[in-house]
Amino acid sequence: MSETADTLERPAAEGTPLMEVRGITKRFVKRHDTAGRIAHRLGVGPAEETVHAVDGVDLAIQPGEVLGLVGESGCGKSTLGRMIAGVMPPTEGRLLFEGQDIATLPGADRRAATLAVQMIFQDPFASLNPRKRVEEIVGEAPRVHGLVSARGTGAYVDEILTRVGLDPALKRRYPHQFSGGQRQRIGIARALAVKPRFLVCDEAIAALDVSIQAQVLNLFMDLRNDFDLTYLFISHDLSVVEHIADRVAIMYLGRIVEQGPAEALFAAPNHPYTQALLAEVPRLDQRRRQFEPVKGEIPSPLDPPSGCHFHPRCPHATERCSATRPEFRAIAPGRRAACHLNDA
Amino acid sequence: MSEPVLAVEALQTHFAMRAGLARAVDGVSFSVGAGEIMGLVGESGSGKSVTGFSILGLVDPPGRIAGGSIRFRGEELVGAAPERLRALRGNRIAMIFQDPMMTLNPVLRVDTQMIEAVRAHASVSRDAARQRAREALARTGIPSPDERLRAYPHQLSGGMRQRVAIAIAFLNAPDLIVADEPTTALDVTIQAQIIHEAQTLCRESGTAMIWITHDLAVVAGLADRIAVMYAGRIVEQGTIDQVIDTPLHPYTVGLLGSVPSANRRGEKLTQIPGMTPDLLALPPGCAFRARCPRADAACTIAPEPRAPRADEPDHLARCQHPHDAPALAGAGAE
């Protein structure tokens with residue numbers, strides 16, 4: 001079953017994915033303190049609380065593509081992004097870079113694989129060291145990793161800054177002397193400086209004003225062409241993802257519920273959650289519309305619903321939905337969804 | 001049209017700072033009628049929130065209303081006695097903030113706060129006030145309102161808190177609600193719920209609403225009319241259809257072009273060059289001049305609001321070179 005799903009997912013023409021995750025899981029456990037442990041041993045205290053932030057996700061990203069990862073707050077999209085970027089170790093599951101498990105690679109190859117994946121963060125105010133000048137922020141990593149000589153660093157930083165649309169004359173300044181959009185460009189320059197092949201962008205434009213968002217989004221598209229980059233573009237903003245992504249994965253409470261080519265997915269969403277999400281995106285061409293929102297809120301990941309996580313909010317839920325977890329399987333060439341309704 | 005609920009005329013709100021005088025709101029005029037929803041759109045620093053705060057008399061020093069008038073049901077609010085404003089606030093005029101914790105007191109239960117809000121403006125018994133609070137919560141679509149009444153704000157989720165804040169705003173059936181980015185911090189499905197509640201309550205009770213946001217798409221689906229602010233001035237206003245389908249001002253055109261949409265997938269977005277100007281160092285004339293593709297020598301003179309199209313007398317723009325309808329229809333179709 002999963003064999004067919006895999007072949008459908010990846011047409012023979014495409015080779016090894018640039019980045020692939022298999023059964024990746026992240027659990028955050030709130031450990032007991034000493035008192036809690038003793039109480040627990042005596043059988044009176046509460047059990048340790050476990051948050052299933054990411055729950056057995058499979059995802060493959062082909063070279064050169066933009067995969068949009070969409071979900072609401074608390075769905076685990078950032079945690080997934082961080083694990084893929086290598087900033088956070090997974091609890092379970094494997095990360096494969098060009099088909100090779102990063103965890104088992106020998107030292108030098110492993111460093112190269114880690115360097116090839118860079119991350120751009122949401123908050124350009126928190127992700128830059130306020131006590132370093134722009135030239136240090138951008139130039140430090142390539143120098144340390146031996147990509148440029150100490151003497152060549154200055155010229156290299158100028159080149160990268162120019163590339164992301166910043167005036168190299170400003171490189172002696174500190175981050176606080178820049179606007180939000182410019183800071184995000186500094187963050188992008190820092191990521192680009194180590195010549196990555198894959199960028200994980202976590203809500204990279206969410207904190208910016210509309211007109212600045214457009215500038216940065218355009219920059220991402222330019223860089224993709226110029227440097228042959230692959231993106232995992234994480235966002236809660238469906239219209240942004242629809243604009244930039246080739247393929248889209250929709251996440252709900254730690255699991256991917258639907259995945260497919262952007263155009264097909266937005267034209268005919270399969271999963272009831274995707275349908276609800278798309279229906280509620282405000283659009284310029286819909287005037288004085290009557291909002292008919294989906295009921296309820298995202299349940300707590302501390303205590304996720306049984307079976308399909310979406311069943312308490314789903315208008316089509318049956319008994320089966322609360323009993324068994326639907327399989328994430330192929331529903332059309334290149335498209336997968338996890339919904340029992342597809343079996344009928 | 002009957003007398004509007006709110007009529008703002010040439011409003012000036014200035015902040016005197018050591019570095020100079022920031023004209024955060026610089027000659028803003030608009031009006032809102034009963035049951036009408038007006039979208040006030042702009043980027044950070046455009047003065048949209050300060051306009052909202054000015055209406056409620058909530059501008060604190062170093063800011064002050066330096067001129068103009070705010071008439072609420074015919075009554076002048078600029079220079080009104082603080083007691084009078086306090087009597088109106090939370091009663092006839094209410095505000096919904098971006099962060100519901102600005103409305104809610106974290107150490108008081110929801111019912112305590114709501115009963116207080118009712119009894120501050122009407123002499124009713126605690127039980128009657130409690131009953132009204134319960135009804136208000138139920139109206140905003142909060143499940144099991146009795147339980148929520150006994151909760152503290154920290155026990156509620158972000159969406160639930162915002163709904164409680166909205167319930168408080170609607171508690172005394174106000175004539176006007178100023179909503180300042182009420183859904184910006186929320187998820188799409190929760191945003192849709194909040195907009196739905198606000199929309200329904202306005203339509204049912206005839207409350208006028210000013211919805212302040214940076215999100216044009218939200219306003220397009222919600223509001224009847226829209227005003228676009230840039231550097232303290234309303235650069236364009238009109239009905240939703242007029243402004244979004246056939247905008248006059250180059251800034252509005254640029255903003256609309258920077259919203260990603262399905263029919264331009266993968267194409268480059270129109271970007272407005274440069275960044276939002278520093279209010280302390282505005283160029284003379286049109287503030288958008290430096291970023292505008294149509295700017296020329298005429299733009300050094302500050303343009304007054306006018307309606308360049310004969311068939312749209314209520315579609316105003318502050319621009320020396322407004323887009324004319326036919327040219328734009330062509331640009332929009334490409």
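Trainee: Among contacts in chain B between residues at least 6 apart in sequence, what share join residues at least 24 apart?

Mentor: That share is 64%, where two residues are in contact if their C-beta atoms, placed from the backbone, lie within 7 Å. Keep in mind that this is a predicted model, in which local features need pLDDT of at least 70 and side-chain atom pairs count only at pLDDT 80 or more, while totals for chains, interfaces and linings use all residues. Residues are numbered from 1 along each chain as its sequence is written, and chains are lettered from A and ligands numbered from 1 in the order in which they are written.

Trainee: And what is the figure for chain A, counting contacts between residues at least 6 apart in sequence?

Mentor: In chain A, 69% of those contacts join residues at least 24 apart.

Trainee: How many helices and strands does chain A have?

Mentor: Chain A has 12 helices and 12 strands, and chain B comes to 11 helices and 11 strands; helices (H or I, at least four residues) and strands (E, at least two) are DSSP runs, numbered from the N terminus.

Trainee: What is the radius of gyration of chain A?

Mentor: Chain A has a radius of gyration of 22 Å, close to the 20 Å that the globule rule gives for 344 residues, so chain A is as compact as a globular protein of that length. The radius is taken over C-alpha atoms, and the rule is 2.2 Å times the number of residues to the power 0.38.

Trainee: What about the overall spans of chain B?

Mentor: Along its principal axes, the C-alpha trace of chain B spans about 65 × 45 × 40 Å, and the C-alpha atoms of chain A fill a box of roughly 65 × 60 × 45 Å.

Trainee: What percentage of chain B is buried?

Mentor: Buried residues make up 50% of the 334 residues in chain B, and 43% of the 344 residues of chain A. A residue is buried if 20 or more other C-beta atoms lie within 10 Å of its own, exposed if 12 or fewer, and partly exposed in between, with C-beta atoms placed from the backbone.

Trainee: Switching to the interface, how many residues of chain A are in contact with chain B?

Mentor: There are 35 residues of chain A in contact with 39 residues of chain B. On the side of chain A that touches chain B, α8, α9 (238-244) and α11 (272-279) each supply at least two residues, and α8(A) gives the most, with 9 residues. By class, that side divides into 16 nonpolar, 11 polar and 8 charged residues; Ala, Val, Leu, Ile, Met, Phe, Trp, Tyr, Cys and Pro count as nonpolar, Asp, Glu, Lys and Arg as charged, and the others, Gly among them, as polar.

Trainee: Where does α8 of chain A turn up in covering α10(B)?

Mentor: What covers the buried residues of α10(B) includes α8 of chain A together with α8 (216-222), β9 (225-230), β10 (233-239) and α9 (240-245) of chain B. Helix α10 (residues 250-257) of chain B is mostly covered, with 7 of its 8 residues buried, among them Y251(B) and L255(B).

Trainee: At what angle do α7 and α8 of chain A cross?

Mentor: The axes of α7 (residues 180-192) and α8 (residues 210-227) of chain A come within 10 Å and cross at roughly 20°; axes are lines fitted to C-alpha atoms, for helices over the stretch in contact, and angles run from 0 to 180 degrees between N-to-C directions. The two helices are therefore roughly parallel to each other, since angles under 35 degrees count as roughly parallel, over 145 as roughly antiparallel, 65 to 115 as roughly perpendicular and the rest as oblique. By class, the contact of α7(A) with α8(A) has 4 nonpolar, 4 polar and no charged residues.
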